[in-house]
Amino acid sequence: MDSLTQIVLGAAVGEAVLGKKVGNKAMLYGAIAGTIPDLDVLTRYFVDTVTATEWHRGFSHSIFFSVLFAPIFGWLIWKINPKSKATLKDWSWLMFWGLFTHPILDTFTTWGTQLFWPFKTRLAFQNIFVIDPLYTLPFLVFLVLSMRQKRTSPKRSKYNHWGLFVSITYLLITLLLKGVAYKQLADGLTAQGIIYEEMDIRPAPFSTLLWTANVDTKDAYLIGNYSFFDSQPITFSSYPKNHELLGGLATNDKVVRLIDITEGWFTVSRQNEKLLFNDLRFGLLSLKPDETKFAFTYEIENTENGLKVTESPKTPSDAEGLLKSLWIRILGN
């Protein structure tokens with residue numbers, strides 16, 4: 001999830017664990033704990049694109065990381081706050097839950113997490129986008145209400161618990177919405193006589209009212225969108241796999257790792273001397289029927305120093321185009 005959401009979750013967890021003893025300091029250190037796992041993004045400045053992508057939501061988002069570093073961070077906080085009523089064990093417990101709930105929340109997103117690192121299994125339930133105002137804003141309101149109460153006030157704990165309850169309830173509702181959307185998309189494929197091997201669906205950006213499906217057919221991937229306000233049959237756009245364009249590069253270490261990252265959901269296209277490796281898991285840059293640019297594309301180029309892989313940059317106009325088409329499509333076809 002986005003940084004604000006993880007800060008809110010970490011602060012709420014910190015309050016639940018230690019708020020009665022240390023007040024707002026519990027929220028502060030909980031928020032810090034909720035931020036720490038995402039510092040893995042800094043690796044992009046030290047390693048190549050493929051490695052940075054592999055490491056994102058890896059070690060720092062694992063149970064192992066939470067167990068290993070909770071007592072270390074807990075000891076540091078204990079040293080910083082020697083006069084606090086909280087013990088070393090208390091601070092370590094707060095840090096564990098702050099660190100651990102971060103990847104738990106991320107498992108509900110499209111990217112998922114390697115919760116059981118060093119095993120490569122990536123958990124991704126794909127029922128919530130990485131930024132979802134309906135999840136974050138109510139949670140934030142209850143956190144602020146809790147923060148404004150005295151440490152000993154019963155209302156403080158009540159507001160915080162309500163925030164946690166509402167956020168968890170929303171996640172459960174999105175799982176139900178995903179089930180309904182999956183059936184509608186599957187029925188749409190059946191009605192059109194489309195034979196497919198696998199279908200993978202996820203919520204569109206910022207909303208769980210609109211869902212996008214990737215459909216694996218023999219030579220192409222189909223992409224279709226379903227809104228709960230739709231009144232017309234679902235249409236599916238076709239994108240050729242073109243995996244043969246990789247040629248001998250298909251066995252190159254970096255390409256093999258990219259394929260592993262996408263779990264096989266990718267297409268290949270050619271642009272001048274470069275090959276474009278498109279990750280289908282995060283969809284297109286807009287919901288226009290004729291859109292061909294994907295949210296995550298990697299440029300593959302042979303150089304004197306070997307194969308070079310770089311992520312294609314995105315521009316502010318790309319985000320603007322996505323938002324415009326998004327709101328139109330949510331309202332129905």
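Buried here means under 20% relative accessible area and exposed means over 50%, with partly exposed in between. With a relative accessible area of 36%, Asp187 is therefore partly exposed. Keep those cut-offs in mind as we walk through this structure, which is a predicted model.

**Salt bridges**

Side chains of opposite charge can pair when their charged atoms come close. Searching the whole structure turns up 11 salt bridges.

| Pair | Closest N to O | Relative accessible area |
|---|---|---|
| Arg156 and Glu15 | 2.9 Å | Arg156 2%, Glu15 6% |
| Lys314 and Glu311 | 3.2 Å | Lys314 41%, Glu311 33% |

Let's start with Arg156 and Glu15, which form a salt bridge. This pair links distant parts of the chain: Arg156 sits in helix α7 (residues 154-191) and Glu15 in helix α1 (residues 3-22), 141 residues apart. Arg156 counts as buried because its relative accessibility is 2%, and Glu15 is buried too, at 6%.

Asp187 and Lys183 both belong to helix α7, where they lie 4 residues apart, about one turn of the helix.

In the pair of Lys314 and Glu311, Lys314 is partly exposed at 41%, and Glu311 is partly exposed at 33%. Elsewhere, Glu54, Asp253 and Arg257 are joined in a network of salt bridges.

**The sheet and its helices**

Which strands make up the open sheet, and in what order? Its 4 strands follow the order β1-β2-β3-β4, with antiparallel pairing. β1 (198-203) and β4 (236-240) are the edge strands, each pairing on one side only. From one strand to the next, the twist averages 20°.

Within the sheet, β2 (residues 210-216) and β3 (residues 220-227) run antiparallel and are joined by 7 bridges. Thr212, for instance, has Asn225 in β3 as its bridge partner. Helix α7 packs on the sheet, touching β1, β2, β3 and β4, and its direction makes about 135° with that of β1. Helix α9 (residues 316-330) also packs on the sheet; α9 touches β2 and β3, and its direction makes about 60° with that of β3.

**Helix α5**

Helix α5 (residues 88-106) has 19 residues, so at 1.5 Å a residue it should span 27 Å. Its end C-alpha atoms are 28 Å apart, which agrees. This helix is mostly covered, with 14 of its 19 residues buried.

Terms used. Residues are numbered from 1 along each chain as its sequence is written. This is a predicted model: local features need pLDDT of at least 70, side-chain atom pairs count only at pLDDT 80 or more; totals for chains, interfaces and linings use all residues. Side-chain values use heavy atoms; hydrogens and water are left out. A salt bridge is a side-chain nitrogen of Lys or Arg within 4 Å of a carboxyl oxygen of Asp or Glu. Helices (H or I, at least four residues) and strands (E, at least two) are DSSP runs, numbered from the N terminus. Buried means under 20% relative accessible area, exposed over 50%, partly exposed in between (1.4 Å probe, protein chains only). The expected span of a helix is 1.5 Å times one less than its number of residues. Two strands pair if DSSP finds at least two bridges between them. Axes are lines fitted to C-alpha atoms, for helices over the stretch in contact, and angles run from 0 to 180 degrees between N-to-C directions. Contact means heavy atoms within 4.5 Å.
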